[in-house]
Structure formats: C-alpha cells, structure tokens
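User: I am new to this structure and would be grateful for a close look at one part of it. Please begin with the charged side chains and continue to the aromatic rings.

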Amino acid sequence: ARWAHVVRQSYRQIQKGGKPALALTREMIERLEAIGFRLRVKERGKIKQVPFEERIKSLAEFKDVHGHVNVVEADDLRLARFCNRMRSSRRNIKVTQDRISALDALGFEWEPLQKKRRRARRD
C-alpha cells in the first residue's frame, strides 16, 4: 500500500512538472498501466454523492429483480452501504420521516438481523 501511494504521488508530481519522490520513467509507467495498475485514483473529498432519490430508484430496481430489498455487499456494494447508513441514521434519529416513508413503501427492513435470528430460532 505504501509503495502504491509513493508511485501514484510521484506520477502526480511528474504530471504537474515537479520533482517526483520516485524516478518513474515512461517505460515504468507503461509497464504499470499494462498490468492494470491504476496511476490515477479519485482524490479524497471528490467522491460523488448520489442523491437519495437515485438510491431509492436503485433500490426499487433491485426489488424488481430480486423480490426483496435486503441488499448485501456481494449484490451491490454501494447500495448495501446506503441501506446500512439509512439503518444507522434512523437509530441515531438523523433521517427524515419522508425518507423513512419512502423506504417503508419499498418494504425496507430496518432490523434485518433480528428477523434472521428469529427465523433461525424457529428452525
């Protein structure tokens, strides 16, 4: 991880015309790119925030395909993280009633682990 950071930092410095920490040649850059190494990664703080309405639309589409809204990371990492954030936000009273209603309308499970445990006890 540290090596990758130094390589990317050096690449950025070369692009800006500065002096890199690591002397990267054009050949080294081409070889790194050839094996799939990403020299450009999103800079911190520049991650696009997806509007709530778009996430609700994605969740509705997920439900149409899978018949439920219990998204796990293996299905869709970003959508699963959105669902987990909504659950956490509701517990911390940081989500509006409008958003709760929109999620409830899709059949959103606010406590999916409790339902899973109850089902396991019955079996």
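How many residues apart are glutamate 30 and arginine 26 in helix 2?

Analyst: Glutamate 30 and arginine 26 are four residues apart in helix 2, a separation of about one helical turn. Helices here are DSSP runs (H or I, at least four residues), numbered from the N terminus. This is a predicted model, in which local features need pLDDT of at least 70 and side-chain atom pairs count only at pLDDT 80 or more, while totals for chains, interfaces and linings use all residues. Residues are numbered from 1 along each chain as its sequence is written, and side-chain values use heavy atoms, with hydrogens and water left out.

The side chains of glutamate 30 and arginine 26 form a salt bridge, with N to O at 3.5 Å; the term requires a side-chain nitrogen of Lys or Arg within 4 Å of a carboxyl oxygen of Asp or Glu. Arginine 26 also forms a salt bridge with glutamate 33, where the closest N and O atoms are 3.9 Å apart.

As to accessibility, buried means under 20% relative accessible area, exposed over 50%, and partly exposed in between (1.4 Å probe, protein chains only). Arginine 26 is partly exposed at 47%, glutamate 30 is partly exposed at 43%, and glutamate 33 is partly exposed at 35%.

Arginine 8, in helix 1 (residues 2–15), is buried and has no salt bridge; the nearest side chain of opposite charge, glutamate 33, is 11 Å away. Leaving aside residues up to four places away in sequence, arginine 8 touches Phe37, Arg38, Leu39 and Val41, contact being heavy atoms within 4.5 Å.

The whole structure holds three aromatic pairs: rings of Phe, Tyr and Trp (its six-membered ring) pair if their centres lie within 6.5 Å, and planes under 30 degrees apart count as stacked, over 60 as edge-to-face and the rest as tilted. Tryptophan 3 and phenylalanine 37 form an edge-to-face pair, 5.6 Å centre to centre with 65° between the planes. This pair links tryptophan 3 in helix 1 with phenylalanine 37 in the loop between helix 2 (26–34) and helix 3 (52–66), 34 residues apart. Tryptophan 3 is exposed at 53% relative accessibility, whereas phenylalanine 37 is buried at 17%.

Note on methods. Helix = DSSP H or I, 4+ residues; strand = E, 2+ residues; numbered from the N terminus. Lys, Arg positive; Asp, Glu negative; His and termini not counted.
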